[in-house]
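Okay, everyone, thanks for coming. Let me put the structure up, and then we'll walk through a surface patch and some charged pairs.

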Amino acid sequence: MNRIIVGAIVLAAALSASAKVLKLETPKAQLVGTPVPVKIDNLDPNKGVNPSFEVPDDVKNVALKKPVTSSDDFPLIGELTCVTDGDKEAAEGCYVELMNGIQWVQIDLEKSYDIYAIAVWHYHSQERAYKDVIIQISDDKDFLKDVKTVYNNDHDNSSKKGKGDQKAYIETNFGKLIQVNPAVKGRYIRLYSNGNSTNDANHYIEVEVFGK
């Protein structure tokens with residue numbers, strides 16, 4: 001066999017051995033109350049398990065227990081620490097509720113990482129879709145320069161952060177896993193939302209950031 005071909009096969013095997021399929025740990029479904037139809041523009045009606053993809057073997061959740069700030073200095077319910085405490089349940093005490101309108105939460109990873117994926121759990125005890133979900137990465141804590149948008153379902157640019165081409169999605173216990181491909185280097189993660197299909201409030205249960 002040609003040496004070049006053999007070398008390529010060996011390299012491919014080595015790369016595969018150093019990678020893993022990213023799998024989220026998800027809570028049990030906790031739907032309560034009478035289901036309400038989700039009516040929102042630009043909605044993806046599919047719901048369920050996230051698509052799988054590979055990341056380097058040494059990638060881990062670098063957001064766990066990291067500090068969180070927000071555009072709302074006084075959350076209506078809960079504490080900002082809920083966002084990175086590792087608890088993905090949807091019960092009272094497991095989420096933070098921010099005021100109405102366009103709001104954001106921001107995670108300080110405390111140093112810059114190569115980021116391969118981000119997972120988000122908004123409130124999932126009732127089926128709903130959150131509006132204008134935008135996720136950005138930067139090394140600038142004020143997000144004024146070198147900002148990379150890795151997810152945006154604001155189809156009409158109502159949040160004035162640029163028109164997005166992703167679809168809104170229905171919240172479930174599986175969360176939303178977003179692949180960052182190619183990986184983006186950054187220290188700060190900022191996540192926007194603008195109310196949801198049930199009410200105008202903004203909720204966050206957990207955010208995981210997979211990097212190295």
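Predicted model: local features only at pLDDT ≥ 70, side-chain atom pairs only at ≥ 80, totals over all residues.

Numbering runs from 1 along each chain as its sequence is written, and side-chain values use heavy atoms, with hydrogens and water left out.

Back to Ile77: it counts as partly exposed because its relative accessibility is 31% (buried is under 20%, exposed over 50%, partly exposed in between, with a 1.4 Å probe and protein chains only). Together with Leu76 and Met99, Ile77 makes a nonpolar surface patch of about 260 Å² accessible area. Patch members have over 30% relative accessible area and no salt bridge, and nonpolar side chains (Val, Leu, Ile, Met, Phe, Trp, Tyr) are joined within 5 Å. Areas are Shrake-Rupley, 1.4 Å probe, with only the protein chains shown as cover for residues.

Now, how many salt bridges are there? Six, taking a Lys or Arg side-chain nitrogen within 4 Å of an Asp or Glu carboxyl oxygen.

One of them is Lys88 with Glu208, closest N and O atoms 2.8 Å apart. That pair links distant parts of the chain, 120 residues apart: Lys88 in the loop between strand 5 and strand 6, Glu208 in strand 13. Buried or exposed? Lys88 is buried at 8%, and Glu208 is buried at 9%.

Notes. Patch = residues over 30% accessible without salt bridge, like charges linked within 9 Å, V, L, I, M, F, W, Y side chains within 5 Å. Helix = DSSP H or I, 4+ residues; strand = E, 2+ residues; numbered from the N terminus.
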